[in-house]
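User: I have a few quick things to ask about this model. Can you take them one at a time?

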Amino acid sequence: MTGLPRIDKALAMASDVWPDRCAASFRGERLGYAEMYARAMAMAASLKAAGVRPGDRVAIAMTKGLEMPVAIHAIWAAGAAFVPLDPAAPNERLAGIVKDCAIKVAIGADRNKSFLSQLVAASGVTVVGAVVDGAHCVMPVGATPDITPHENGDDDLAYIIFTSGSTGVPKGICHSFASGTGFAHAWMAQYRLQANDVFFCTVPLHFDFSLADFFCPAMVGASTELVPEQALMFPASIAELLEKSGGTIWSSVPYTFLQLCERGAVETRDLSSLRWLIYGGEPMPPSGLPVLRQVFKARISNSYGPAEVNQVSEYTVPDDHPTDRPIPIGQTMQHATFAQAEDGELLVAGGSMMQGYWNRPDLNERVFAVRDGVRFYRTGDRVEQDRDGLWMFIGREDRQIKIRGYRIELDEVEMAMASHPDVSEAAVVVSADKLTLHGFAAPVPGATVTVAEIQTHIGSRLPRYAVPDRIEIRPAFAKTSTGKINRKALTEELS
């Protein structure tokens, strides 16, 4: 979209053009664009006083609140990059991130004093925005300071997102102002964002799926409803907040939407303001579509894109999509290009691609490929195109295993399980000795399904060797902090 500002300049523009329009709201408190900008400049001055210099990394160490968007823009105004931390992560993991990124300053909030105390004890960071016993703390000044925001460059580092702790060692994904802006502008065009839109933000900042909620609104004068993390445990509370906020755009993982439909007392709520529901992070079981259709009149879209490239494809699901057919990841967005390696791996190029992994030249050497002078990111996802030219997700390369001489895509088995009309979620893991497949299925609420029925269903779609040796039916799955099925915990159950 032409005429739109870069992500670090959007708030200043919004402050001038729409000073009194609501920028963000949280627990009934509203913050206008002019006030948000003033608070961001005051915090930027405090960051500088705490020793932050252009090119530094600053942690955002808090749960949702109005301080969160302020912190993002304050860090950018100081010429630094933000690194969001997960308050629920183990101290050892957080201390490792702080050390790896040479972070000396963290922005916090009074509501998270316990978390901040543990962070300070583990890493010794200076805290800006909250007073914590035993820590060096700096509080923003009350009046708007005379500060000129740092003039960042397109290729300067804007933020680092660390991968989920559900598997392996976390990797820091580095995005520039150019790549963050390329994503935001493409998102704006794809979902036709307007000044009257209200972003309903349920995803935590440390999960890249939240970034549109923070990057896009200021570009058109829209607003963001910041949903407390605690509300996610009570679907009825989410439904109430969605109704009260008049949310129009909601992006999250499938689990969050399905939980709202199943346990949110939605029949008592008017959710007609929602015009676009966007899911991603993991596949939606096709059996979930009728559930969503009964509650929402909004468009429903499947979004695809690893954190390394942000969102790069989209598929708006038609009302008549078959409930036994996987949902495509669709077609590329305006800023992205797809290519395929000989083994079916998806390669992505475009204006929203990361610079690389933080302090990991070994990984950077492996994950980028050059074709005809164009730099592509190797996603590790296996895809194919259907007869209509739509891209279909087949599975992860790192989730491809070999049992009894047969190559098996665990994601493909999961999709076959989830395509059963009475299965709401499915997961498949391999035993520690790599000899057997174990499936786990959660039934659609009110439905009854047997292990034999699921095995027959999988067998009608996949070779016999791909049918799990054991299947366990359970009411629900443990989730990671980003709402995805915790497959690592399932694997540990088998050991």
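User: Which helix is T181 found in?
Analyst: T181 is in helix α6, residues 177-190. Helices here are DSSP runs of H or I with at least four residues, strands are E runs of at least two, and both are numbered from the N terminus. The model is predicted, so local features need pLDDT of at least 70 and side-chain atom pairs 80 or more, while totals for chains, interfaces and linings use all residues. Residues are numbered from 1 along each chain as its sequence is written, and side-chain values use heavy atoms, without hydrogens and water.

User: Is T181 buried or exposed?
Analyst: T181 counts as buried, because its relative accessibility is 8%. Buried means under 20% relative accessible area, exposed over 50%, and partly exposed in between (1.4 Å probe, protein chains only).

User: What does T181 touch, leaving out residues up to four places away in sequence?
Analyst: P5, R6 and I7. Contact means heavy atoms within 4.5 Å.

User: How many residues of α6 are buried?
Analyst: Eleven of its 14, so the helix is mostly covered. Among them are F177, F183, W187 and M188.

User: What sits at the start of α6?
Analyst: A side-chain oxygen of S176 comes within 3.3 Å of the backbone nitrogen of A178. After the helix comes R192, with a positive phi near 50 degrees.

User: New topic. What order do the strands take in the open sheet with β25?
Analyst: The order is β25-β26-β27, with mixed pairing. β25 (423-430) and β27 (470-473) are at the edges with a single partner strand each, so one side of each has no neighbour in the sheet. Neighbouring strands are turned by 20 degrees against each other on average, direction ignored.

User: How do β25 and β26 pair?
Analyst: Antiparallel, over seven bridges. Strands count as paired if DSSP finds at least two bridges between them. V428 stands opposite G439 in β26.

User: Which helix lies across those strands?
Analyst: α14, residues 451-459, lies across β25, β26 and β27. It runs at about 125 degrees to β27. Angles run from 0 to 180 degrees between N-to-C directions, with axes fitted to C-alpha atoms, for helices over the stretch in contact.

User: Last one. Which residues of β4 are buried on each side?
Analyst: A81 and V83 on one side, F82 and P84 on the other. β3 (residues 57-60) runs parallel to β4, joined by four bridges. The bridge partner of V58 is F82.

Terms used:
A polar contact is a pair of N or O atoms within 3.5 Å; within protein, one must be able to donate a hydrogen and the other to accept it, and residues adjacent in sequence count only if both atoms are side-chain atoms.
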